Amino acid sequence: MASDADTSGIGRQAAEMTDSPMFRLRAWLRQTDFFSHVLLALVTFIVLLPLLWIIATSFKDRLEFSTNSAALIPSSFSLVNYQYMFEAIQLLPIYMRNSFILAGGVTLIQVLCSALAGYAFARMRFWGRDFIFIAIIVSMFVPRAGGLMALYELMSFLKLRNSLFGLILLFAAGLPAAIFIMRQAFLSIPQEVEESAFIDGASWWHTFWYIALPLASSAMVIIGTLAFVGVWSDYIITYTMIDRDAQLTISVGIKKVLATSYESALSPRFRNQFAGEAADATMLLFSALPVIIIYALMQKWFMRGLTEGAIKF
Amino acid sequence: MTAQSESGGGGLFGAIRSYRQSRDRQAAVRKSNLLGYLFIAPAMALYLTFNVWPIFRGFAMAFTDYRFVYPDTRWDFNGFGNFVKMVGDRRAMDAAGISLKYLVFVAPAMILIALFLAVLISKVKRGAAFYRWVVYLPAVLPVAVIFLMFGEMYGFQFGFINTVLRDWGIENPPNWLGDRELALPSIGAAHIWMIFGFPTLLFLIGIYNIGSEMYEAASLDGANGWQQFRFLTAPLLKPTFALIVVLNLPLFGVVEPMLILNNGGPANSTRTLGLYLYQQAFEVGDLRLGYAAAISLVIGVISALIAGLIFRWSRQ
């Protein structure tokens with residue numbers, strides 16, 4: 001730690017020691033955390049390696065891939081995989097659209113519902129309020145044994161299987177953490193502002209919508225971001241509830257359109273121009289692109305959402 | 001509006017009025033309010049329907065011989081029949097063994113990696129935000145993309161790993177996902193890549209919470225890096241450690257990687273208990289939701305028991 005740098009200036013001997021180049025080098029290494037950075041750079045590389053390889057592979061044509069498949073920087077760039085993806089895969093835009101509808105719908109409903117409920121739990125007093133709130137939080141930790149089976153039955157009973165709308169409701173119902181965060185956010189707002197609004201004769205709804213909600217907007221951004229990314233990435237629930245192509249999302253449908261399992265349907269135009277694996281890499285990258293972009297843009301909110309949730313529990 | 005117009009006036013009545021007013025104002029915020037139910041109604045409706053109901057229904061289902069194809073069997077209670085059947089079911093027992101192997105392989109490795117990375121990241125003064133970003137990146141990617149991507153990485157002929165191994169002069173690199181011995185660890189490694197980010201952040205929060213004063217005091221007392229870790233970081237991270245273990249117990253019911261990659265193959269060597277119950281529920285003939293719910297309940301009870309033990313340990 002910083003102790004080595006601090007011991008300088010105690011006496012002449014120490015001064016001589018600190019003057020030696022070796023000591024300075026060591027001090028510099030410590031001060032800049034050189035070794036930690038080297039190790040972390042290595043870790044960063046390992047973590048990013050699969051993604052880098054996928055990105056590189058998406059620019060390789062058949063020849064390049066078969067001769068140079070491990071290269072992280074292709075010796076020749078080709079867009080044939082992207083051409084194939086956009087021209088030959090008819091289902092891709094449908095899946096993409098469904099994913100946006102699903103994730104967008106869930107985000108909207110979840111932000112609205114959790115804001116309403118969080119406000120009620122933070123500000124309004126009604127019989128059983130604290131009991132209901134605690135019950136919601138506790139129920140989060142009850143294991144959902146047989147939950148998927150029960151959901152399957154429920155969704156069939158409600159005629160909501162193979163329906164994007166049903167899936168939106170199903171995902172939007174995962175509310176406890178969002179309600180918790182919203183309640184926390186409203187509690188941290190000073191009450192005086194709302195009280196003065198009441199004096200001016202504002203209704204509950206008016207106070208909530210025009211005064212409290214804007215002040216809690218950062219919590220809403222956190223909830224919305226986590227909801228969008230979480231729903232976009234889901235596999236098993238969507239896979240279980242949807243078995244028609246017209247309603248499938250990209251995160252599940254991607255498996256169906258991969259060229260390695262799609263060889264027979266290749267359009268003649270692209271035959272022999274690209275490698276199946278390289279085309280797959282392109283589509284995998286493309287299907288994850290929205291969450292990668294959101295994650296890059298929303299980095300601050302992500303970290304806040306995760307740490308807030310973790311610390312407060 | 002009326003409140004505002006009345007706020008004038010002086011003397012005793014004015015004082016009483018303003019006192020009442022402030023009380024009313026507080027009452028408006030604090031007193032019983034039926035509107036509260038209206039505000040929580042949408043959230044509660046969704047939550048009760050899609051989250052609370054399945055808890056009870058799933059539990060009840062575990063004690064029935066419910067086959068989805070025959071709706072009449074919905075409430076065919078058979079007591080502990082499903083559990084008895086499960087004990088006698090060779091495939092279920094094999095699958096449980098595979099699940100256990102998976103848990104024992106993935107969880108400790110992942111937690112050690114996370115702890116190591118958290119300590120490393122806590123040491124650097126600059127760039128920590130970037131490393132935190134990188135570490136959590138895999139966790140936001142769609143699970144299907146991750147495992148299909150690793151499927152390509154593990155590819156026998158043109159996969160990244162085998163190409164590199166051949167370049168290094170290894171003549172016959174293994175067929176990672178096609179080998180009965182290697183398939184499970186290979187999937188597990190990809191799984192570690194996917195989920196190590198969140199535990200790392202949790203450990204990191206724990207270390208940040210310990211505070212730099214403690215470390216300064218320790219280093220003044222002459223504790224070196226390892227001693228600081230051994231006697232300061234590790235004991236204080238015990239609750240975090242317990243939380244992480246508990247959060248990762250669902251690994252015992254793992255199903256998604258296998259469902260996405262190889263459906264339990266090769267030769268059922270990666271058919272975990274989670275995958276087995278999924279197949280029983282949604283893929284085999286008459287969709288045995290009842291039996292699957294029973295297996296799921298067993299997984300849940302075992303996980304809860306382990307979680308309880310770990311929490312007791314972390315309190316000591």
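Tutor: Let us begin with burial: a residue is buried if 20 or more other C-beta atoms lie within 10 Å of its own, exposed if 12 or fewer, and partly exposed in between, with C-beta atoms placed from the backbone. The model is predicted, so local features need pLDDT of at least 70 and side-chain atom pairs count only at pLDDT 80 or more, whereas totals for chains, interfaces and linings use all residues. Residues are numbered from 1 along each chain as its sequence is written, and chains are lettered from A and ligands numbered from 1 in the order in which they are written.

Student: Why does B:Ala267 count as exposed?

Tutor: B:Ala267 has 9 C-beta neighbours inside 10 Å. The limit for exposed is 12 or fewer, and therefore B:Ala267 counts as exposed. B:Ala267 lies in the loop between helix H14 (256-261) and helix H15 (273-282) of chain B; helices (H or I, at least four residues) and strands (E, at least two) are DSSP runs, numbered from the N terminus. Its phi is near 50 degrees, a positive value in a residue other than glycine.

Student: What makes B:Leu287 count as partly exposed?

Tutor: The count for B:Leu287 is 19 C-beta neighbours inside 10 Å. B:Leu287 belongs to the loop between H15 and H16 of chain B, and its phi, near 50 degrees, is a positive value in a residue other than glycine.

Student: How do you know whether A:Leu175 counts as buried or exposed?

Tutor: A:Leu175 has 26 C-beta neighbours inside 10 Å. Because the criterion for buried is 20 or more, A:Leu175 counts as buried. Its place is in the loop between helix H10 (164-172) and helix H11 (176-187) of chain A.

Student: Which residues is A:Leu175 in contact with, leaving aside its neighbours within four places in sequence?

Tutor: Two residues are in contact if their C-beta atoms, placed from the backbone, lie within 7 Å. With those neighbours left aside, A:Leu175 is in contact with A:Gln110, A:Cys113, A:Ser114, B:Ala43, B:Leu46 and B:Tyr47.

Student: What makes helix H3 (residues 21-31) of chain A hardly covered?

Tutor: Among the eleven residues of that helix, the count of buried residues is zero. For chain A, with 313 residues, 42% count as buried. Just after H3(A), A:Asp33 takes a positive phi of about 55 degrees.

Student: Why is H3(B) called roughly perpendicular to H16(B)?

Tutor: Helix H3 (residues 35-61) and helix H16 (residues 289-315) of chain B pack at an angle of about 105 degrees, with their axes 7 Å apart. Axes are lines fitted to C-alpha atoms, for helices over the stretch in contact, and angles run from 0 to 180 degrees between N-to-C directions. Angles under 35 degrees count as roughly parallel, over 145 as roughly antiparallel, 65 to 115 as roughly perpendicular and the rest as oblique. The angle therefore makes H3(B) roughly perpendicular to H16(B). B:Gly58, B:Phe59 and B:Met61 of H3(B) make the contact with B:Leu289, B:Gly290, B:Ala293, B:Ser296 and B:Leu297 of H16(B).

Student: How many residues of each class does this contact of H3(B) with H16(B) have?

Tutor: Ala, Val, Leu, Ile, Met, Phe, Trp, Tyr, Cys and Pro count as nonpolar, Asp, Glu, Lys and Arg as charged, and the others, Gly among them, as polar. By class, the contact has five nonpolar, three polar and no charged residues.

Student: What does each chain bring to the contact between chain A and chain B?

Tutor: Chain B brings 82 residues and chain A 85 residues. On the side of chain B that touches chain A, H3(B) supplies the largest share, 20 residues. The residues of that side divide into 59 nonpolar, 13 polar and ten charged.

Student: How confident is the prediction for chain B?

Tutor: In pLDDT, the predictor's confidence in each residue from 0 to 100, chain B averages 85, and 90% of the residues score at least 70. Over residues 1-11 of chain B the pLDDT is below 50. Where pLDDT is low, the predicted coordinates should not be read in detail. The model scores ipTM 0.86 and pTM 0.86.
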